[in-house]
Amino acid sequence: MDLVKSHLMYAVREEVEVLKEQIKELFERNSVLERENAVLKSLANSEQLSQLTAQTGATAATPGSSSTSTLQQLQPVPQQLQPPPQPQPQTQLDASQQPQPNVTSA
């Protein structure tokens, strides 16, 4: 009986270690995806975000849709979220005004 108990305890410990590793990997993947999501949201305008929300809501409401098909449908969305480049307005400066440097943070 002790042999069976020790064998089961060993198997359970081994499975727990595998699951802990999977949980760690999933947490890391989740963090990466949350950062990517934040970047994409910051680059998108409100109209694009509302279209994405409507699209995901319609996909979720469709019976029989799986998360895999939802992910496949949303794959091209990050390319659509990039806002078009906006032209810089051409203004003439007075002699007293100095042009401001264009500083962006990385």
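Which residues gather in a patch of negative charge on the surface? Select Glu-17, Glu-21, Glu-25 and Glu-28, which form this patch. Asp and Glu count as negative, and patches are made of residues with over 30% relative accessible area and no salt bridge, like charges being joined within 9 Å. A salt bridge is a side-chain nitrogen of Lys or Arg within 4 Å of a carboxyl oxygen of Asp or Glu.

The model is predicted: local features need pLDDT of at least 70, side-chain atom pairs count only at pLDDT 80 or more, and totals for chains, interfaces and linings use all residues. Residues are numbered from 1 along each chain as its sequence is written, and side-chain values use heavy atoms, without hydrogens and water.

Glu-25 is placed in helix H1, residues 2-43; helices are DSSP runs (H or I, at least four residues) numbered from the N terminus. Glu-25 is partly exposed, because its relative accessible area is 45%, and partly exposed lies between buried (under 20%) and exposed (over 50%), with a 1.4 Å probe and protein chains only.

Now select residues 9-43, which an unreviewed UniProt entry lists as "coiled-coil region". This span is 100% helix and 0% strand, and its end C-alpha atoms lie 51 Å apart.

Finally, select the protein chain, which has 4 helices and 0 strands. Of its 106 residues, 5% are buried.

Technical notes
Patches are made of residues with over 30% relative accessible area and no salt bridge: like charges are joined within 9 Å, nonpolar side chains (Val, Leu, Ile, Met, Phe, Trp, Tyr) within 5 Å. Accessible areas come from the Shrake-Rupley method with a 1.4 Å probe; for residues, only the protein chains shown count as cover. The place of a charge is taken as NZ of Lys, CZ of Arg, CG of Asp or CD of Glu. Helices (H or I, at least four residues) and strands (E, at least two) are DSSP runs, numbered from the N terminus. UniProt positions are given in the numbering used here, feature names are shortened, and annotations may be inferred rather than shown by experiment.
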